[in-house]
Amino acid sequence: MTIHTCLTRVGSGRRLRPALAALALVSVSALTFSSCSSPATSTSASPTGQSASTSATSTASSTTGSCAAGATQLTFWNWSTGYDLVVNEFNKTHPDICVDLENAGAAGDEYTKLADTLKAGSGAPDVATIEYFELPSFEITNSLVDLSTFGIDSVKDKIAPFAWSQVSSGSHVFAMPVDLGPIVLYYNQAEFKAAGVDVPTTWSEFAKAAQTIHAKNSSAAITNFDPETAQLVLAMMQQYGAFPFTYSGGTEIGINFTGAKQMEFAKYWQKLISAKEVTTAAEFSPTQWSNLDGGKNASRLSPAWGPAGMQLNMTKSNGNWRAAQIPQATAGGTATGNWGGSTLAVVAGSQHAKEAAEFVQWVGSSDEAWKILSGDVAGAFPAYLPLLNDSAFQSRTMKISGDSASNKVFAQAAQSLESAQWPPIMTAALTQWTSTFAGVSKGTETMQQAFTNFQDQMVKYAQAQGFTVTSS
């Protein structure tokens, strides 16, 4: 596999200097990556709706046993549960192609390994799982096959517009969208009733409800807001209309954590943190589960894959949880943010790109694949519109939410997602985030101070990589 020394992000019309292209690739492999996936030591659900502790560990024998002799061999890197079942089904129904599933590590571990193999020029898979936010880091180095050359546009109408926007640039498509993570307010109706508060529809109402809940029980809070979980904060900034990044290709990146809307967002959450009206426990931690299950947290800012992890880790409050639209900055709005979701990309240099494109298209846009992906084992939340809009899917119930149909609320939220522009520096951003925002959790700095510090850090980093940075 050859990595070009002068690279273009297709559709941007702008060429990258060789040094910039090299640094973009090195930055993925040189840093320890902190992804939105839950820790491997917990049983919580990851952004793809999977249990991180039971990530796919399939070997070639478990996914190639039904392959026909002489079939085209493909290597597929994926860490999520349920994909061995998907691959087995594909191999059985596509006798001319044989997919070998390998677990190259979850999220950041896989990205590091993928970047290393690309840099070395050998060892890369034909297909890799890549989350939305990380795609630009591989696009910018021409490391992904443009799937539009294989007719991937034929399924565009089957995919949620937000998901398609995350994988495409102009007429070029760099990956097949699979799942989504639209955020709603997932609340414990028993705790809300006991506190005498209604489900808030605006952030102003949310703050008043938070004050009431904490005033009635000083150990209770309306929700958990973990400042150190970057993708939670970024998703909530997106929902608030304060998403800090802009990027449309080439060498210019917009980074804005200190604008008026961003600081308004930071001030809002800092006020709740300072008043202890929200907790700041680590996402996916035993403390978070205990707080949710024991009534210390009356709600969760939950992505669509969140309830699956909650019911794996909670027992006391099963049946009490309900989904509602996330509160709005302006009454009557429908904005939401996306936390998580993944794609399947064909890696540049694959000797079987056509067959690999056929595989990823089938996974993301076929009823057969989604019957498995949306099942109890995989539990992915679809970007696939025929399922997302299906009344039977929206009517499904879960143990944690009793007889209520949370999927309907999540599906409605998915329709309101607006595109987020991820820059090709997210590996560094997510790595730096934890240390910069740790002081907010500890009470030694404010969200406003962390935003200001992070702005300075990311601008300097991006400029050092050869990018031009705008901050407004």
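**Charged pairs and a glutamate**

Analyst: Glu89 and Lys92 sit three residues apart in helix α3 (residues 83-93), so about one helical turn separates them. Bear in mind that this is a predicted model.

User: OK, how far apart are the closest N and O atoms of Glu89 and Lys92?

Analyst: They are 3.8 Å apart, and the two residues form a salt bridge.

User: Is Glu89 buried, partly exposed or exposed? And what about Lys92?

Analyst: Glu89 is partly exposed, at 24% relative accessibility. Lys92 comes out at 54%, which puts it in the exposed class because the cut-off for that is over 50%.

User: How many salt bridges does the structure hold?

Analyst: Five. One of them joins the side chains of Lys261 and Glu264, with an N to O distance of 3.7 Å.

User: Where are Lys261 and Glu264?

Analyst: Both are in helix α10 (residues 260-274), and they are three residues apart, so about one helical turn lies between them. Lys261 is partly exposed at 31% relative accessibility, and Glu264 is partly exposed too, with a relative accessible area of 40%.

User: Why would side chains like these pair up at all?

Analyst: In general, side chains of opposite charge can pair when their charged atoms come close.

User: Next one. What does the side chain of Arg322 meet in a salt bridge?

Analyst: The side chain of Asp403, at 3.9 Å from N to O.

User: Switching topic: which helix is Glu355 in?

Analyst: Glu355 belongs to helix α13, which covers residues 353-365.

User: What is Glu355 in contact with, leaving aside neighbours within four places in sequence?

Analyst: Thr72, Leu74 and Ile97.

User: How far is the C-alpha atom of Glu355 from the one in Thr72?

Analyst: 7.7 Å, although the two residues are 283 residues apart along the chain.

Notes. Residues numbered from 1 in each chain as written. Predicted model: local features only at pLDDT ≥ 70, side-chain atom pairs only at ≥ 80, totals over all residues. Heavy atoms only, no water. Helix = DSSP H or I, 4+ residues; strand = E, 2+ residues; numbered from the N terminus. Contact = heavy atoms within 4.5 Å. Salt bridge = Lys/Arg side-chain N within 4 Å of Asp/Glu carboxyl O. Buried < 20%, exposed > 50% of the residue type's maximum accessible area, 1.4 Å probe, protein only.
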